[in-house]
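Take a look at the sequence and the model, then read on.

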Amino acid sequence: MFNSGGGDLMNYVRNAWYVGAWDSDLEQNKLKAIRILAEPIVLWRTQRQLVALDDPEWILGHGQLDYQAEARYINDNLLDFSHLTYVHANRFAPVGRGADELTDGWSAYDFLIPGVLLMWSGSFKLRTAAECNYERPDYSQALRGVTFTSQAVTPTGDRTARYFFPGARIDSMAMRRSGMLLMKIAAQAFGEDKIMIEAQQRVIDQTVDPVIMPTAGMNVS
Ligand SMILES: [Fe+2]
């Protein structure tokens, strides 16, 4: 599908399914121009299809955000939960801490090439992590709402990317009522990420021979 590209775009796989647009953003016989890996692409809907989802356990809501930064820096940000407490100091309570009690927090991603992130989160009673040997807990034992979100990052061009953020599955009525508030807070948080990631891109661009520092799980020799 793609036959050109260079520079930083060589860091991304080709012949793969990238997210191009939300289903609801494609109207019948109306052209929508996007770029994926700097390739200009036109999307349109040829036949009206109605997608209906009426499940009380699902909150529907989504958005997208364009970055003046490489897609891989957004992936890096999303995969690094340690940034929550300083980039989003005013938005999220520290992981594992509820309103009036200490709990163990579980957050885990499946990161799918080329840039789809599936995340589960939940709060559990203290010491659950140790009892599970720091592996995946039993979600049915969660103290509070277990959430599932899917996100996608599409490299649109050289140092530009589009971040698609989703609705969430909410497993309790209380969480369901606050679901849209949750989405609003998340959207504000993504604005904070955008400032940080675009600044990161500028700093990297101004750095001669930048070296990417390895993170956990990598051996340095
Ligand atoms: Fe963030």
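How many helices and strands does the secondary structure of the protein chain come to? The count is five helices and nine strands, where helices (H or I, at least four residues) and strands (E, at least two) are DSSP runs, numbered from the N terminus.

## Before you start

This is a predicted model, so local features need pLDDT of at least 70 and side-chain atom pairs count only at pLDDT 80 or more, while totals for chains, interfaces and linings use all residues. Residues are numbered from 1 along each chain as its sequence is written.

## The overall layout

Walk along the sequence and the protein chain follows the pattern β-β-β-β-α-α-β-β-α-β-β-β-α-α. There are 221 residues in the protein chain, and 22% of them count as buried. Here, a residue is buried if 20 or more other C-beta atoms lie within 10 Å of its own, exposed if 12 or fewer, and partly exposed in between, with C-beta atoms placed from the backbone.

Now for contacts: two residues are in contact if their C-beta atoms, placed from the backbone, lie within 7 Å. Among contacts in the protein chain between residues at least 6 apart in sequence, 58% join residues at least 24 apart.

## The core and Y163

The largest nonpolar core has 19 residues. A nonpolar core is a set of buried Ala, Val, Leu, Ile, Met, Phe, Trp, Tyr and Cys residues joined through C-beta atoms within 7 Å. Y67, A69, I74, V153, A161 and Y163 have the most contacts inside this core. Two or more residues come from each of helix 1 (71–79), strand 7, strand 8 and helix 5 (179–205). Helix 1 gives the most, with four residues.

Zoom in on Y163, which is found in strand 8 (residues 160–165). Y163 counts as buried because it has 25 C-beta neighbours inside 10 Å. Leaving aside neighbours within four places in sequence, Y163 is in contact with Q64, L65, Y67, I74, V153 and F190. Y163 and A71 sit 92 residues apart in sequence, but 8.2 Å apart in space, C-alpha to C-alpha.

## A hairpin

Strand 1 (residues 32–36) and strand 2 (residues 39–43) run antiparallel, joined by five bridges; two strands pair if DSSP finds at least two bridges between them. I34 stands opposite I41 in strand 2. The two strands form a hairpin with two residues between them, and L37 in the turn has a positive phi of about 50°.

A cis peptide bond joins I113 and P114, with omega about 15°. P114 lies in the loop between strand 5 (103–112) and strand 6 (116–125).

N133 isn't a glycine, yet it has a positive phi of about 55°. N133 lies in the loop between helix 3 (128–131) and strand 7 (147–157). Is N133 buried or exposed? N133 is exposed, because 6 other C-beta atoms lie within 10 Å. Y134, in the loop between helix 3 and strand 7, has a positive phi near 60°.

## How confident is the model?

The mean pLDDT of the protein chain is 80, and 75% of its residues reach 70 or more; pLDDT is the predictor's confidence in each residue, from 0 to 100. Confidence is highest in helix 3, at 96, and lowest in strand 9 (residues 168–170), at a mean of 53. Over residues 1–6 the pLDDT is below 50, and this stretch has seven contacts in the model beyond near neighbours in sequence.
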